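Dear colleague,

Please find the structure below, handed over for your work.

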Amino acid sequence: MNKKIYLDHAATTPTKPEVVEVMLPYFTEKFGNPSSIYEFSGQNKEAIEEARESVAKAIGANEREIFFTSGGTESDNWAILGIAESYKAKGNHIITTAIEHHAVLHTCEYLEKNGYEVTYLEVDKDGLVNPNDLKEAIKDSTILITIMLANNEVGTIQPIEELGAIAKAAGVLFHTDAVQGVGHIPIDVNAMHIDLLSISGHKLYGPKGIGALYVRKGIKLRSFIHGGGQEKKRRGGTENVPAIVGFGKAIELAIRSMEAESKRQAELRDYLIEQVLERIPHCRLNGHREYRLPNNANFSFEFIEGESLLIMLDMKDICASSGSACTSGSLDPSHVLLGIGLPHEIAHGSLRISLGEQNTKEEMDYLIESLIVIVARLREMSPLYEDYLKKQVKIER
Amino acid sequence: MYTKKVMDHFQNPRNMGEIEDPSGVGTVGNAKCGDIMRIYLDIKDDVIQDVKFKTFGCGAAVATSSMATELVKGKTVIEAMEVTNKAVMEALDGLPRAKVHCSLLAEEALQAALWDYAKKNGIVIEGLEEPKPFEDHEEEEEEEEEEF
Ligand SMILES: Cc1ncc(COP(=O)(O)O)c(C=O)c1O
């Protein structure tokens, strides 16, 4: 195989050519500021509203409940900081989980330093939140529950409908970071009792730097970016028209192909998981076997370290990612892997494969064969493996 | 991110392996932080005849251990003491800042192996300090291993 095999779609996706195509005119001939009066700018306003409709439709919302942002991070920040401030007369307690994306976790930590109280729910070994834990954590002062729909590292999908129902029954607002879920699994904000939901364009074959926050009608949410009257005065700044148009197109395409694509990718995923677990010893699957994103597989290989594994895969033109400390620039491996109870040394040896529309079974076979060779090679170099083998010999004697 | 030399030593590590009945062996680092290095020395007449390493860790950890073994091979014990983390880093044309600790670990592994050699032979190597004891969290690990 001599082309690059991209298996890191949870990090980002390529922008589809059809998406780029609809964006291009908005850089050049249709460059007008949507707020201007003249006719050619007015068309841009319409283009934005069309995109808003596509986003709303994708999650079963009304277009008036969709606000464009600069991406998943801003949506998460806005939802959490905004609710914290708007509802502070009611209370100062927020509930989240230990395995959220940093866009949520660091925002919650910031609030903790500013007089708020945050409960971080633990998850089980598969990454699932226990609905009873949520029930027990709710207090009179709880103003927001924020729990991600699907985890970006281990792929576990939470029982969002059940969690949302608990929030609703308790009269607490419910936000979900659905960045990894939209376009991959069906979402309905009403059926799932979701009050606020974050989406990002570049995870669904749209451009980077664009996203949306869904805010249920009637919810007070102060503006986050102060400025002009854009986005119904809730998010100032001249709209990024090309990105909004591209995002709208991308989400429309993603929803259209979702059923067939997620089925196809889940089959590739299952094949990969089955082969890897069967053919590579001392290896485990991280995340829930069943409740997981159709495009995610996350493994831990004992006795080896993730960054070395990634470099060796890169030498074989395979792009993937890891939760090892070395790839995060800190000394600790990913909080998600620690959150599902992995010991540090096993978390360091993790590998995340996230599939996309272009991936094929042939590529899975190439990946599997490459992994077998690379893992064996790294183990040959590993003092931990050496010690393990010596211990085995001792036991046999 | 890495220099050509680092990539070369990662892809083609020199002196990777074990030495049976080594004159000295040293293991440093811990699995918790994601780096463990082990260096084996075969020393005769005060000269390092052979050296091997094994490393659990990132690309820089592998490359620094590989380079450290290259630098000490054929050297006397005293000369080997001069192979510091700086020397290893320079020989690799530098490391990203976040990876400097890997070169320190290589120096420590080397010195731990020299310490082991000195102890076994009842000699004192000037400037050499006792390495921190190596622990690989065996007790804690035992249970977790069941899951695999
Ligand atoms: C779960 C989750 N939330 C939020 C984000 C941030 O999204 P963005 O890159 O659009 O800011 C990401 C992507 O990195 C993510 O995976």
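**Pockets, interface and salt bridges**

The second largest pocket has a volume of about 530 Å³. A pocket here is an open set of points, on a 1 Å grid over the protein atoms alone, where a 1.4 Å probe fits, with protein on both sides within 12 Å along at least five of seven lines; lining residues have an atom within 4 Å of a point. Grid points are joined across faces, edges and corners, and a volume is the space filled by probe spheres set on the points.

This is a predicted model, in which local features need pLDDT of at least 70 and side-chain atom pairs count only at pLDDT 80 or more, while totals for chains, interfaces and linings use all residues. Residues are numbered from 1 along each chain as its sequence is written, chains are lettered from A and ligands numbered from 1 in the order in which they are written, and side-chain values use heavy atoms, with hydrogens and water left out.

Lining the second largest pocket are 22 residues, of which V28(B), G29(B), L105(B), E108(B) and K132(B) are the closest to its centre. Helix α5(B) gives the most to this lining, with seven residues. Helices (H or I, at least four residues) and strands (E, at least two) are DSSP runs, numbered from the N terminus. By class, the lining comprises nine nonpolar, six polar and seven charged residues; Ala, Val, Leu, Ile, Met, Phe, Trp, Tyr, Cys and Pro count as nonpolar, Asp, Glu, Lys and Arg as charged, and the others, Gly among them, as polar.

The largest pocket holds about 670 Å³ of space. Its lining has 37 residues, and those closest to its centre are H101(A), H102(A), N152(A), E153(A) and R352(A). Nine of the lining residues are nonpolar, 20 polar and eight charged.

Between the chains, 32 residues of chain A are in contact (heavy atoms within 4.5 Å) with 33 residues of chain B. The two chains bury about 3,000 Å² between them, 61% of it on carbon and sulfur atoms; buried area is the accessible area (1.4 Å probe) that two parts lose on being put together, summed over both.

Five salt bridges (a side-chain nitrogen of Lys or Arg within 4 Å of a carboxyl oxygen of Asp or Glu) cross this interface. One salt bridge joins R38(B) and E386(A) at 3.1 Å, N to O. Over all chains, the structure holds 29 salt bridges. Among them, R222(A) and E85(A) pair at 2.7 Å, N to O. R222(A) lies in the loop between β8 (211-215) and α7 (241-279) of chain A and E85(A) in helix α3 of chain A, so this pair links parts 137 residues apart in sequence.
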